[in-house]
Amino acid sequence: MKELTPEFQDHLDGEVTALCNCWQIHRTDGVIMGFTDHDRDIVFDTITHHAHTGLEASDVETTSSLTPDNHEIAGALSSAAISEADIAARIYDGARVAHYIVNWSAPGERVRMHTYLISEITREDGAFRAELKSIAALLDQIRTRRYERHCSARLGDGDCGVDLTAGLTDTGTIAEIVGETIWHVADLPERVEGWYAGGLVSLPDDGGKNLQIVSDRRLENGNRSFEFWSAPVEAVSAQDAFSVTPGCDKRFETCRKKFANGLNFRGFPHMPTAEFISAYASNARNMDGGPLFE
């Protein structure tokens with residue numbers, strides 16, 4: 001239940017109101033940014049909520065259950081506010097957004113309506129669009145192991161146990177930049193095609209940000225073609241050096257054959273599938289009592 005001050009309640013009960021929306025973005029690095037859809041800046045809690053940002057919000061539907069509510073805000077990119085470089089650097093990941101209804105003629109009269117988490121923020125044609133979810137989304141995160149066929153560990157972490165520094169981290173150079181997310185690379189050791197798919201590329205001057213590889217193909221000239229999910233934060237050029245780790249598709253067969261790490265597999269590869277319920281004996285199948293999984 002929202003608690004309103006008597007002054008704000010009187011304002012809402014009046015025949016004419018002076019209301020606007022204000023949003024505060026609280027980034028994980030401690031930076032707080034304010035925005036409003038009013039035509040003048042609104043200041044409260046020592047935070048200036050800037051107008052003239054082209055900010056607009058979608059309708060929001062609030063439920064009484066634990067299902068996360070969805071919301072969306074959009075606005076113009078500005079070097080003084082949300083920049084394209086900041087979005088590319090992913091500094092808004094995990095940021096919280098507080099939404100207020102404010103009496104713009106007396107900003108002390110206000111009420112916080114919702115607190116959201118930034119789920120995804122994208123930019124296009126000089127504008128940004130942020131998808132927001134209510135903090136109930138925090139309850140939807142996986143904190144413990146789940147009973148599932150694939151591995152729940154991350155390659156190289158403490159649960160996985162694979163030592164990526166023991167001959168599994170390779171170095172190479174960029175031979176050609178084909179597109180924003182496609183490189184042709186050279187000077188890598190001989191590996192089978194697809195070895196690096198799902199792996200990570202690290203650039204020395206990219207602020208510690210890793211690029212995840214979508215596909216890895218071998219080219220006729222001996223080089224390889226890497227395609228990434230996203231473009232690098234900093235500009236890159238041919239002959240730049242990088243390091244790369246292999247990919248893992250979380251399957252037991254991959255863990256055992258590619259990394260010789262089957263004993264540490266953190267999934268349940270022998271769990272029955274939905275088709276197992278309707279399985280029946282057949283002369284076309286080998287029913288000698290041997291193992292179902294190699």
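The structure holds 8 aromatic pairs. The model is a predicted one.

**Aromatic contacts**

Tyr147 and Phe268 make up one of these pairs, and its geometry is tilted. The ring centres lie 5.0 Å apart, with 55 degrees between the planes. Tyr147 sits in the loop between β9 (127-134) and β10 (170-179), and Phe268 sits in the segment after α3 (252-257), so the contact ties together parts that are 121 residues apart in sequence. Tyr147 is exposed, at 54% relative accessible area. Phe268 is partly exposed, at 29% relative accessibility.

Phe252 and Phe265 form another aromatic pair, this one edge-to-face. Here the centre-to-centre distance is 5.3 Å and the planes are 70 degrees apart. Phe252 belongs to helix α3, while Phe265 lies in the segment after α3. The two residues are 13 apart, and their pair links distant parts of the chain. Phe265 counts as buried because its relative accessible area is 10%, under the 20% cut-off.

Ring pairs also build a cluster. Its members are Trp183, Tyr196, Phe226, Phe228 and Phe242.

**Charges over rings**

| Charged residue | Ring | Distance to ring centre |
|---|---|---|
| Arg27 | Tyr92 | 5.3 Å |
| Lys258 | Trp195 | 4.6 Å |

**The barrel**

Which strands form the closed barrel, and in what order? The barrel has 6 strands, running β10-β11-β14-β13-β12-β15. Their pairing is antiparallel. On average, neighbouring strands of this sheet are turned by 45 degrees against each other, direction ignored. Strands of a sheet pair through backbone hydrogen bonds, in either a parallel or an antiparallel arrangement.

Strand β13 covers residues 210-218, and strand β14 covers residues 224-228. They pair in the antiparallel sense over 5 bridges. Arg218 stands opposite Arg224 of β14.

How many cavities of 30 Å³ or more does the structure hold? There are 2. The largest cavity has a volume of about 100 Å³. It is lined by 13 residues. The closest to its centre are Cys151, Leu155, Cys160, Cys248 and Cys255.

Elements α2 (84-88), β8 (110-124) and β13 each supply at least two lining residues.

**Backbone with positive phi**

Lys250 is not a glycine, yet its phi is positive, at about 70 degrees. Lys250 lies in the loop between β15 (241-244) and α3. With 25% relative accessibility, Lys250 counts as partly exposed.

Ala260 also has a positive phi without being a glycine, at about 50 degrees. Ala260 is placed in the segment after α3. Is Ala260 buried or exposed? Ala260 counts as exposed, because its relative accessibility is 68%, over the 50% cut-off.

The segment after α3 holds several of the residues described here, among them Phe265 and Ala260.

Definitions and conventions. Residues are numbered from 1 along each chain as its sequence is written. This is a predicted model: local features need pLDDT of at least 70, side-chain atom pairs count only at pLDDT 80 or more; totals for chains, interfaces and linings use all residues. Side-chain values use heavy atoms; hydrogens and water are left out. Rings of Phe, Tyr and Trp (its six-membered ring) pair if their centres lie within 6.5 Å; planes under 30 degrees apart count as stacked, over 60 as edge-to-face and the rest as tilted. Helices (H or I, at least four residues) and strands (E, at least two) are DSSP runs, numbered from the N terminus. Buried means under 20% relative accessible area, exposed over 50%, partly exposed in between (1.4 Å probe, protein chains only). A charge sits over a ring if NZ of Lys or CZ of Arg is within 6 Å of the ring centre and within 35 degrees of the ring normal. Two strands pair if DSSP finds at least two bridges between them. Axes are lines fitted to C-alpha atoms, for helices over the stretch in contact, and angles run from 0 to 180 degrees between N-to-C directions. On a 1 Å grid over the protein atoms alone, a cavity is a set of points where a 1.4 Å probe fits but cannot get out, and a pocket is an open set with protein on both sides within 12 Å along at least five of seven lines; lining residues have an atom within 4 Å of a point. Grid points are joined across faces, edges and corners, and a volume is the space filled by probe spheres set on the points.
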